[in-house]
Structure formats: structure tokens, C-alpha cells
Amino acid sequence: EFQTWLAGGKTTGTLADMGRKVYTDLGCVTCHLDAGTGRGPSLAGVFGHEVTLANGSTVIADEAYIRESILVPTAKMVAGYAPLMPTFQGVVNEEQIAQLTAYIKSLVVTAPAGTAPATPAAPAGGAATTPAATN
């Protein structure tokens with residue numbers, strides 16, 4: 001009930017569903033293409049994984065990194081990308097940041113038809129796991 005009130009009325013769908021709408025409404029989808037061919041990096045499968053920054057350092061794409069990247073996109077620039085993303089500070093509220101974060105968490109790397117799914121890098125703090133075989 002609190003989330004409904006906070007959002008200004010009746011909510012529909014999951015937090016990630018609402019984040020997808022915000023992502024589309026703000027035009028994020030025009031630069032952050034799944035194939036990584038956009039003006040910004042692909043966000044598919046990024047959550048929980050290491051990101052290489054323009055200065056050569058790395059950071060784990062966690063909630064704090066996503067929040068900072070939305071509000072101050074030039075703070076930690078991803079290697080290979082120009083500082084084109086505008087700040088959304090004062091444009092999005094905390095609920096919308098939570099929605100966007102949930103949506104980004106839900107994005108997965110998809111493989112082209114006829115190929116094996118891509119295996120993202122190991123999450124922070126542990127080795128990648130191999131899914132159990134199914135019969």
C-alpha cells in the first residue's frame with residue numbers, strides 16, 4: 001500500500017515492469033541497445049558484474065553504481081563510451097530510480113538464434129556457476 005501511495009496511485013506490474021516504462025519514457029532505450037551497438041553500453045547482464053571504466057579501473061555494477069550513473073553519469077565513465085548521457089538528477093525521483101534499478105537487474109544477455117546463450121563474467125565475490133544439466 002505504501003508503494004502505491006508513494007507512486008501516486010494504483011501501480012500495475014512489478015517494480016521491473018514499472019522500470020521498463022520509465023526506461024522507455026526517458027529514452028534510455030535509444031542509447032543502451034542490447035547488442036552493445038548504441039551510444040551507451042548495453043545494460044543486459046551488467047548487474048552484479050565488473051565494469052571497466054575509462055580510467056582503467058573497475059567497479060561492480062551494483063545498486064549504488066546504477067544510482068550514481070543515473071544521477072551523475074560522468075562520475076564513472078564506462079571504457080569506450082563518450083560522456084553523452086545527461087544527468088537525471090532532479091528529473092527522476094527515488095521511486096523511479098528503484099524501478100530503473102529493478103529493470104536493469106532483470107535484463108539478461110540473450111544469444112542470437114541458433115547459438116548457445118552467452119555466459120556473463122563471474123559475479124563479484126564468487127565464481128561463475130554452471131547450470132545443472134537437464135534431461
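**A note on the main pocket and an aromatic pair**

1. The largest pocket is lined by 45 residues, and His-32, Gly-40, Pro-41, Leu-43 and Met-85 lie nearest its centre. A pocket here is an open set of points on a 1 Å grid over the protein atoms alone, where a 1.4 Å probe fits, with protein on both sides within 12 Å along at least five of seven lines; lining residues have an atom within 4 Å of a point. This is a predicted model, where local features need pLDDT of at least 70 and side-chain atom pairs count only at pLDDT 80 or more, while totals for chains, interfaces and linings use all residues. Residues are numbered from 1 along each chain as its sequence is written, and side-chain values use heavy atoms, leaving out hydrogens and water.

2. The space in the largest pocket comes to about 910 Å³, a volume being the space filled by probe spheres set on the points.

3. At least two lining residues each come from strand 1 (50-52), helix 3 (63-71) and helix 4 (94-106). Helix 3 gives the most, with four residues. Helices (H or I, at least four residues) and strands (E, at least two) are DSSP runs.

4. By class, the lining holds 29 nonpolar, 12 polar and four charged residues; Gly counts as polar.

5. Now for the rings: there is one aromatic pair. Tyr-23 and Tyr-103 form this tilted pair, 5.0 Å centre to centre with 55° between the planes. Rings pair if their centres lie within 6.5 Å; planes under 30 degrees apart count as stacked, over 60 as edge-to-face and the rest as tilted. The pair links helix 2 (residues 15-25) to helix 4, 80 residues apart.

6. Tyr-23 is buried at 5% relative accessible area, and Tyr-103 is buried at 14%; buried means under 20% with a 1.4 Å probe, protein chains only.

Technical notes: Phe/Tyr/Trp six-rings, centres within 6.5 Å; stacked < 30°, edge-to-face > 60°. Buried < 20%, exposed > 50% of the residue type's maximum accessible area, 1.4 Å probe, protein only.
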